[in-house]
Amino acid sequence: MTTATTDRSGATATTRKPATMAQALTRAMRDAMAQDPTVHVLGEDVGVLGGVFRITDGLTKEFGEDRCTDTPLAEAGILGTAVGMAMYGLRPVVEMQFDAFAYPAFEQLLSHVAKMRNRTRGKMPLPITIRVPYGGGIGGVEHHSDSSEAYYMATPGLHVVTPATVADAYGLLRAAIASDDPVVFLEPKRLYWSKADWSPEEPQAVAPIGRAEVRRRGTSATLITYGPSVPVCLEAAEAAREEGWDVEVVDLRSLVPFDDETVCASVRRTGRAVVVHEASAFGGPGGEIAARITERCFHYLQAPVLRVAGFDIPYPPPMLERRHLPGVDRVLDAVARLQWESEWTERPEAFEGGTR
Amino acid sequence: MTVLEQPGSHRPSPPPAWRPRTDPAPLLPDAEPYRLLGTGAELDPELLGALYRQVVKGRRYNRQATALTRQGRLAVYPSSTGQEACEVAAAMVLRERDWLFPSYRDTLAAVARGMDPAEALGLLRGDWHTGYDPYEHRVAPLSTPLATHLPHAVGLAHAARLKGDDVVALAMVGDGGTSEGDFHEALNFAAVWKTPTVFLVQNNGFAISVPLAKQTAAPSLAHKAVGYGVPGRLVDGNDAAAVHRVLSEAVDRARAGGGPTLVEAVTYRIDAHTNADDATRYRGDDEVAAWLEHDPVTLLERELADRGLLDDAMRDGARDEAEEMAARLRDRMNEDPVLDPMGLFDHVYAEKTAQLREQAAQLRAELEAENGDHGDHGDHDGQAKGDGR
Ligand SMILES: Cc1ncc(C[n+]2csc(CCOP(=O)(O)OP(=O)(O)O)c2C)c(N)n1
């Protein structure tokens, strides 16, 4: 972030500091609110406190309580009133305090938010952004680390977006707020404090929703991932170099709509694919993605599409979360299993159930 | 020795004010439902006449819609027979710029607000969901999930007030719906934000088969208001003049910045829950008969007659108007709606996703194979603007 500082002599110097994802998100809301008076932020503790993660820091001060509003503690109420606000021409941006506390709002989300455009034949679109800090790795106690993206993905009518970089946090959130459709904006809370050399003062690209990004080029395998697992995969890709594997990393950025084009182009080039995410494997996003790849790229594949995912368990206690979360080793392990073609055919039992 | 007993200790100072600052007494509903008809109260003859015409028309509408279910023209109809006074009064107290938030039983309120009777039945017919433009008459889509539309009414009223518009939102819900969490959250938000929202509970005795006594232990549903710091009003839901009066006051209060009101209208569901329900399993004919004595149409007729206002011209006028509406409804419902299956992919998103375009192509191929049809399904590759019919 670029800040102007004034020294004792009164001279102004400009220093460029790295910005965090949290700052980029705040900035995105701030810019959207400044540009469009219909953008309203609401949620629990978003006002004076600036949210428990401080993502809405300063918005009430700058725009007043009517624009950034502390609501009563009720998630269905927050989203339900946002529906009414959107009906009347506002663009609500709601904050769900934590992933697992969004569940009381699911009725509103599934029955109304996702369907209103459709049931009114396009007459009543709902431009609502639902920000959900999600995922683990921050030592949160129970109900503070869920990865709920599969539930959102399974609901037609919702866009589901999740940034992995500071620039995308800004760009995708601006795009989400500008979208005429409801967007579930999943914020990887363990990346809130990740930094990048990023200046909001310079014009920033607003990332189109629905486009994946190749974060690292490679030739021997593709890691398909998003949100908190992107840095894990990039690290794994670096480590894989020592094994002589040149691994490509695709950051989906948007789960709905899904960018088949970028994903399939990559897999067709490399012939091998691993899907990596924190959410549980069974019924999780990886199954859908693996199926899509198989349907579209079967004849290019040198090995089955593998998944590296969280275990099929309720999110574990913080003391054990690193055993649950897919880390670099587990990703490398999967990549290794993709490469040993002879073993696939000679010792199939070695791979039984071995998806992680 | 406890802290308080320590020698020389001071009486601990009370904590900062934590008690509710609102005196609950003015919020409490009356013990008996408010009534006007048959009490000799002063009433505007013109309003009485208007209520009468609306209620007669409403009764005819309910009868016609029920008949249409028997002819297979409506998939389902949750009749509001016996509740017409609530339905029409709810619509009549609103100004054009106000909003109505009906539940699935409240098609009559939408019709009384001016909507085409056939259009209001789109959802229940099995046509495209909702099927009408909510902005045309400011009627939100009929809500099937119970009480979930109540927070919408709060949000809309909140937004309107932020914009400086003096709009009121009136939301309707059944007695069963008051047990849902969304009822609570909506009332609480409305109360805290002082939104111009009026909540009308039609206590018609049953939630499908479950009687009120098994739904709540509250002294009345109107009493629930006190817990939110909102006035609760209890009204005879079959007394059209009383419902109109109580709702008018609530709407005026909301418009003037006084915040929300919870109105409980005590009424009775004369017909079964829907045409698919067997009401004899959970209630006796004598109970229904007793309520028929207190019918909203009869109450109005008696009042008008007592005042010497009910002549043949008025009676015939109301009946003719109702018959005309019923005939129009029948005609409209006897048309066979043609829904273009390709419209399924419209309006899921502002723009079709690649996945939806693929699926649309699949369905188009299936349709063409079925019909040998190369017919015109409109341009559904972009986003169709119409309703895809
Ligand atoms: C959330 C939800 N749960 C269950 C139902 C199924 N259901 C439809 S009507 C009804 C009873 C509603 O009773 P009440 O609120 O008293 O309204 P009434 O039908 O009497 O008008 C039930 C349980 C529903 N529509 N929504």
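Is Phe206(B) buried or exposed in this predicted model? At 8% relative accessibility, Phe206(B) counts as buried (under 20% relative accessible area, with exposed over 50% and partly exposed in between; 1.4 Å probe, protein chains only).

This is a predicted model in which local features need pLDDT of at least 70 and side-chain atom pairs count only at pLDDT 80 or more, while totals for chains, interfaces and linings use all residues. Residues are numbered from 1 along each chain as its sequence is written, chains are lettered from A and ligands numbered from 1 in the order in which they are written, and side-chain values use heavy atoms, with hydrogens and water left out.

**View 1. Aromatic pairs of chain B.** Over all chains, the structure holds 17 aromatic pairs (Phe, Tyr or six-membered Trp rings with centres within 6.5 Å; planes under 30 degrees apart are stacked, over 60 edge-to-face, the rest tilted). The Tyr61(B) and Tyr77(B) rings are edge-to-face, because their centres lie 6.3 Å apart and their planes stand at 80 degrees. Tyr61(B) belongs to helix H1 (residues 45-70) of chain B, and Tyr77(B) to the loop between H1 and helix H2 (84-92), 16 residues apart (helices, H or I, of at least four residues and strands, E, of at least two are DSSP runs, numbered from the N terminus). Tyr61(B) is buried at a relative accessible area of 0%, and Tyr77(B) is buried at 2%. Phe206(B) and Tyr282(B) form a tilted pair, with ring centres 5.2 Å apart and planes at 55 degrees.

**View 2. Surroundings of Asp251(A).** Asp251(A) lies in strand E13 (residues 247-251) of chain A and is buried, with a relative accessible area of 0%. Its side chain makes a polar contact of 3.0 Å with that of Arg215(A) (N or O atoms within 3.5 Å; within protein, one able to donate a hydrogen and the other to accept it, with residues adjacent in sequence counted only if both atoms are side-chain atoms). The Asp251(A) side chain also reaches the backbone nitrogen of Arg253(A) at 3.1 Å.

**View 3. The largest nonpolar core.** This core has 87 residues, and those with the most contacts inside it are Leu79(A), Ile130(A), Tyr152(A) and Ile293(A) (buried Ala, Val, Leu, Ile, Met, Phe, Trp, Tyr and Cys residues joined through side-chain atoms within 4.5 Å). Apart from it lies another core, of 63 residues, including Tyr77(B) and Val168(B).

**View 4. Arginine over an aromatic ring.** Arg121(A) lies over the face of Trp128(B), 3.5 Å from the ring centre (CZ of Arg or NZ of Lys within 6 Å of the ring centre and within 35 degrees of the ring normal).
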